[in-house]
Amino acid sequence: MAITRRIILHDGFESVGVVDAAAAPAPGILLFPNILGTKEADFAYAEKVAALGYSVLVADVFGQGKRTSRSDENPGLYMDPLNADRALLRDRVNAAHAVLKAMPEVDASRTAAIGFCFGGRCVLDLARSGADIAGGVSFHGVYQAPPFPNATISAKLLVCHGWDDPIAPAEATVALAKELTEAGCDWQIHAYGGTSHAFTDEAVHMPEKGLAYSPDADRRSFRSMKDFLADLFG
């Protein structure tokens with residue numbers, strides 16, 4: 001297996017395909033990054049997912065060259081407009097899904113999505129839009145529903161959640177469970193005790209803000225994702 005990366009330009013966006021080009025078309029996985037946009041950590045995670053036998057698209061929903069860092073005055077510069085306009089976010093995540101399905105390394109009839117923080121919101125909103133993904137995985141995501149009705153949710157969902165996450169407090173997590181139950185969705189929430197927001201991000205250690213990497217939750221959530229995807233596509 002030889003995992004390679006390639007830039008995919010589409011309508012002013014710059015996503016990255018992470019694939020084994022020599023293999024037959026495989027189930028496709030959309031990977032939605034966090035508040036900062038696409039970066040090396042996402043490409044490295046995508047390689048781990050690709051090594052499981054999937055073709056991955058690290059999806060750009062901000063626009064080519066629109067990236068931030070933790071040290072910026074406003075790391076959410078490009079995220080904030082999408083949080084404020086959930087219809088625009090819905091359109092962008094669906095456009096990214098179309099790019100994934102068009103990749104020659106992808107079996108377009110078998111796709112799923114994963115995402116981190118804001119990317120977790122992207123996964124949930126893609127499912128809420130009625131997209132034909134088999135499933136989605138949110139890691140330390142953001143749960144509030146958009147201010148308009150959902151389409152029928154056909155995707156199965158796995159939510160990997162840090163119980164001490166201040167961005168997704170208990171009441172938001174319970175509200176998400178209620179929303180998905182009322183929608184008839186096949187859902188799971190895996191909650192990790194003593195775990196903050198950003199638990200998969202090795203570069204984050206801001207416990208005073210409720211953001212901190214957790215090697216245990218990172219390892220456990222990856223295993224849960226692996227099993228979930230195998231259940232979808234096995």
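Start by selecting histidine 10, which is found in strand 1 (residues 3–10); strands (E, at least two residues) and helices (H or I, at least four) are DSSP runs, numbered from the N terminus. Before going further, note that this is a predicted model, in which local features need pLDDT of at least 70 and side-chain atom pairs count only at pLDDT 80 or more, while totals for chains, interfaces and linings use all residues. Residues are numbered from 1 along each chain as its sequence is written, and side-chain values use heavy atoms, with hydrogens and water left out.

Is histidine 10 buried or exposed? Histidine 10 counts as buried because its relative accessibility is 13%; buried means under 20% relative accessible area, exposed over 50%, and partly exposed in between (1.4 Å probe, protein chains only). Now show its contacts (heavy atoms within 4.5 Å). Not counting residues up to four places away in sequence, histidine 10 touches Ser15, Asp60 and Val99.

Select residues 86–102: helix 3 has 17 residues and reaches 24 Å from its first C-alpha to its last, close to the 24 Å expected at 1.5 Å a residue (1.5 Å times one less than the number of residues).

Phenylalanine 32 counts as buried, because its relative accessibility is 0%. Leaving aside neighbours within four places in sequence, its contacts include Val93 and Ala96, as well as Ala59, Val61, Phe116 and Cys122.

A cavity here is a set of points, on a 1 Å grid over the protein atoms alone, where a 1.4 Å probe fits but cannot get out, and lining residues have an atom within 4 Å of a point. The largest cavity has a volume of about 50 Å³, a volume being the space filled by probe spheres set on the points, which are joined across faces, edges and corners. One cavity of 30 Å³ or more is counted.

For the last stop, select helix 5 (residues 170–182), which has 13 residues and reaches 18 Å from its first C-alpha to its last. Its buried residues are Ala172, Thr173, Leu176, Ala177, Glu179 and Leu180. Seen down the axis of helix 5, they fall within an arc of 160°, so they line one face of the helix. What covers them includes helix 4 (118–128), strand 7 (156–162) and strand 8 (187–192). Turn to the face away from the buried side and you will find the exposed residues Glu171, Val174, Lys178 and Glu182.

Which residues does glutamate 179 touch? Not counting residues up to four places away in sequence, glutamate 179 touches Arg128, Tyr143, Ala145 and Asn150. Glutamate 179 is buried, with a relative accessible area of 15%. Finish just after helix 5, where glycine 184 takes a positive phi of about 75°.

How values were computed: On a 1 Å grid over the protein atoms alone, a cavity is a set of points where a 1.4 Å probe fits but cannot get out, and a pocket is an open set with protein on both sides within 12 Å along at least five of seven lines; lining residues have an atom within 4 Å of a point. The arc is that of the directions from the helix axis to the C-beta atoms.
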